[in-house]
Amino acid sequence: MATDKIAVSGFRHVFQTEAGPVQATGTIDLTIQPGEFVTLVGPSGCGKTTLLKAIAGFIQPSEGTILCDGKPIKGPGRDRGVVFQELAILPWRTVRRNIGHGLEIAGASKAERDKTVARLIDLMSLTGFEDRYPHELSGGMKQRVAVARTWAADPEIILMDEPFAAVDAMTRLTLQEELARLCAATGKTVFFITHSVEEAIFLADRVLVMTRRPGTIKAELAVPRRNAGGRDWDSFTADPEMRDIAEKVMHLVHAERV
Amino acid sequence: MTVNRIVWRLLPAAPPAVLLLAWSIYWAIEQPPPSVMPSVVGVIATFGELALGDRLGADILASLGRLLGGAACGIVTGTIAGFVAGLHRPIAAFLTPLVVFFNAISGIVWLPLVIGWFGVGSALAIFLIWNSVFFIVFQNTVLGVQLVPEVLEYGVRTLGASRWESIRSVTLPGALPYILTGIRSGLGFGWRALIAAELVGATTGLGQLIFSGAEYHRADIIVAGCLIIGAIAMAMDRWLLLPIERRTVQRWGLIAPDRSR
Amino acid sequence: MRLLRELRILLPFIVLIALWWAIKVGAQVSDTMLVAPPAVWDAFVHLVTHGILAEYAASSLYLIGVAALISFGIGVPLGFAVGANRYAARALEPFLRFFQGISGIAWLPLAILWFGFTHTTTLVIVIYTLVVPIVFNTMVGVRAIPENYVLALQSLGAGRLRIVRDVYLPGALPSIVVGTRLGMGYGWRALIASEMLVRQGGLGDLIFGARTFNQIDRIMVGMIAIGCLYIVVDRLLVQPVESMTLARWGLLRQ
């Protein structure tokens, strides 16, 4: 138990609205190991985001417990970084100042900040855009900044809520490859929500599939990795084993169509 | 949960309640002269007195009539002139400096000059309201007309629409959110100009009501008059302007350029 | 090129002055209604050389400046408090809307009863006029900030103060500027109107006093001065801040 990075047990959430209580999720149990990349696929409205928000500490679960390193989660903290679907980088900060924001908050020295920012700008192919404002960047670029900002703060766990959903299909492929490379290079624990089956399998060590609302976890598939260092779409699509897994997941997801 | 909802419902009543309470307590302790600081009860009594007399109704009608007349003139002339200028860039370029200048002195600034033209009365107030409304509506209409995407216009022109038809079916609805914003903020300035104009440049109207309150040292009439002025402004915004905006702007999924006032 | 541009701004005014002169002469308008442009020029020269215009204008500018500073000090923090807390917003929004409908000038008779014919009366009226739009727009600006900005910063470990500094303040700034511009529009007019009634100096006093003696030339000099000063304040102080923040952050017409 103590080795689980994240342990969700008996989690269930109910929203109080003007019209009365709405059950956001069914009962969910899951664990994530240190360094693992776990993706969660499920139909819209199944409660994926609610679960992620609870792990992030933005909401208190109605039932059940969520432990991080064996300790209950009390609220948001810098050990768990979040990348949102809608852009959450600040429009009034340049790329450089957005990426370095976490370190600035932590009180890091300017030299240290510059070093980390420079490394991430290089890793996320943002060179030349350091002093631009977000509105001067394309959607894909903005999302790179959001990812880089989260990595720069160096959290142990990274939570990503459909981060590439609003990006065009071509850019998306590049971003996914970049993310895979980044994860391989840094060994973070990642919990990633998506409704794209391919994306889920491409990135994950383990894929979780959710039922429709109120969502519970209906299946779990391990994705074997032959060469952890290099994941790219060419070798992924050429791999018959991956195609098998994709077919299985697709089947599970399609059964949940509303 | 239900308790929370009741609290939520009642929250808007809290600030007025606190204000009334503070006012009552202050009055009970300090006992200021009613001519300077009326009591809550005194103001309520004045409300009754005003409501029963025939002056209040006449004053409200006079003020609303002036507002209606002035605003209608301002909206009609402002929209038409704005359309003409918006569709013809040289005209807009020529008029812009004048509009910027006259907008800066619109409203009450004209009072000393035009009181000599129209004398004291409704014509003066109507002129000042027209003056307040026109420039804002004009500027917003020009902006709205110029910002309608050309693609939309090409769209109907390729369907065989004439220039007039494309103005009617594309430019007008496209510019409408801006025009409405202009009307809304124009009425804000117009209402203020009206009250100011009536303080010295009229013999009837709500501005005159509160001004006479000052002359007779009746603070209760001033406070009651101010509350009536606020209530009318709020009612106009809620029951006239907001529904128009909802019915047009929101239904088309457009967002008014500036919703804050 | 520059000269040509300036000429294009001046040309409409030249046409207007010509029109005004033609009406004055052509229709034989009496001097108690309208005076010819040269008379206004003479009055302008007189008022400037005797330091009268400067004195009255300085009084107006001083009052609007003081009022703007005080209103900012009250309005912005209050707007933040109301905007960041949804209960406070729910409670205060209708209240503020109501008071926005009662123009400052409507309180002038009461203010005169309380403070007499003094600068305090004018100051109170102008501050009231300015504060409401500033509070209101600050509140709107704070509430329009996407929740994700706050959440993202929380998960970067930011505390409350940090979030106010890095998210609420810059996020609400464009809206605060809009509120200030609107407030100045209302406030400048309230100032002129208040000066007309209080009669303790200021450009409102100048033009209203000139009315008493049918000095149309003075009235028109005063009006032009009022317009020019407002444009200078608006264009030189408020608009640069607005375009700097809005354009730089790409918030204008996204």
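## Close-up views of a three-chain model

**View 1. C:Ser194 sits in helix α8 of chain C.** This is a predicted model, and we start with a single side chain. Is C:Ser194 buried or exposed? Its relative accessibility is 0%, so C:Ser194 counts as buried, the cut-off for that label being under 20%. Setting aside residues up to four places away in sequence, you will find C:Ser194 touching C:Ile105, C:Leu108 and C:Thr122.

**View 2. The largest nonpolar core takes in 128 residues.** Which residues have the most contacts inside this core? They are B:Trp110, B:Trp191, B:Leu206 and C:Leu203. Helix α9 of chain B, residues 163-201, brings the largest share of the core, with 14 residues.

**View 3. B:Trp191 is one of the residues with the most contacts inside the largest core.** Here we zoom in on its surroundings, leaving out neighbours within four places in sequence. Within chain B, B:Trp191 is in contact with B:Leu67, B:Leu206, B:Ile229, B:Ile232, B:Ala233 and B:Met236. From chain C, B:Trp191 also meets C:Gly101.

**View 4. Chain C and chain A bury about 2000 Å² between them.** Of that area, 64% is on carbon and sulfur atoms. Three residues, C:Tyr149, C:Ser155 and C:Leu156, supply 32% of what chain C buries against chain A, more than any other three residues. The contact draws 25 residues from chain A and 20 residues from chain C.

**View 5. A salt bridge joins the side chains of C:Arg165 and A:Glu104.** The distance, taken from N to O, is 3.9 Å, and the cut-off for a salt bridge is within 4 Å. How many salt bridges does the rule find across the interface of chain C and chain A? There are 3. The interface also has 4 residue pairs in polar contact, with both residues at pLDDT 80 or more.

**View 6. Helices α7, α8 and α10 of chain C each supply at least two residues of the side that touches chain A.** These helices span residues 147-155, 160-198 and 216-249, in that order. Which of them gives the most to this side of chain C? It is α7(C), with 7 residues. Sorted by class, the side of chain C that touches chain A has 10 nonpolar, 6 polar and 4 charged residues.

Notes. Residues are numbered from 1 along each chain as its sequence is written. Chains are lettered from A and ligands numbered from 1 in the order in which they are written. This is a predicted model: local features need pLDDT of at least 70, side-chain atom pairs count only at pLDDT 80 or more; totals for chains, interfaces and linings use all residues. Side-chain values use heavy atoms; hydrogens and water are left out. A nonpolar core is a set of buried Ala, Val, Leu, Ile, Met, Phe, Trp, Tyr and Cys residues joined through side-chain atoms within 4.5 Å. Buried means under 20% relative accessible area, exposed over 50%, partly exposed in between (1.4 Å probe, protein chains only). Helices (H or I, at least four residues) and strands (E, at least two) are DSSP runs, numbered from the N terminus. Contact means heavy atoms within 4.5 Å. Buried area is the accessible area (1.4 Å probe) that two parts lose on being put together, summed over both. A polar contact is a pair of N or O atoms within 3.5 Å; within protein, one must be able to donate a hydrogen and the other to accept it, and residues adjacent in sequence count only if both atoms are side-chain atoms. Ala, Val, Leu, Ile, Met, Phe, Trp, Tyr, Cys and Pro count as nonpolar, Asp, Glu, Lys and Arg as charged, and the others, Gly among them, as polar.
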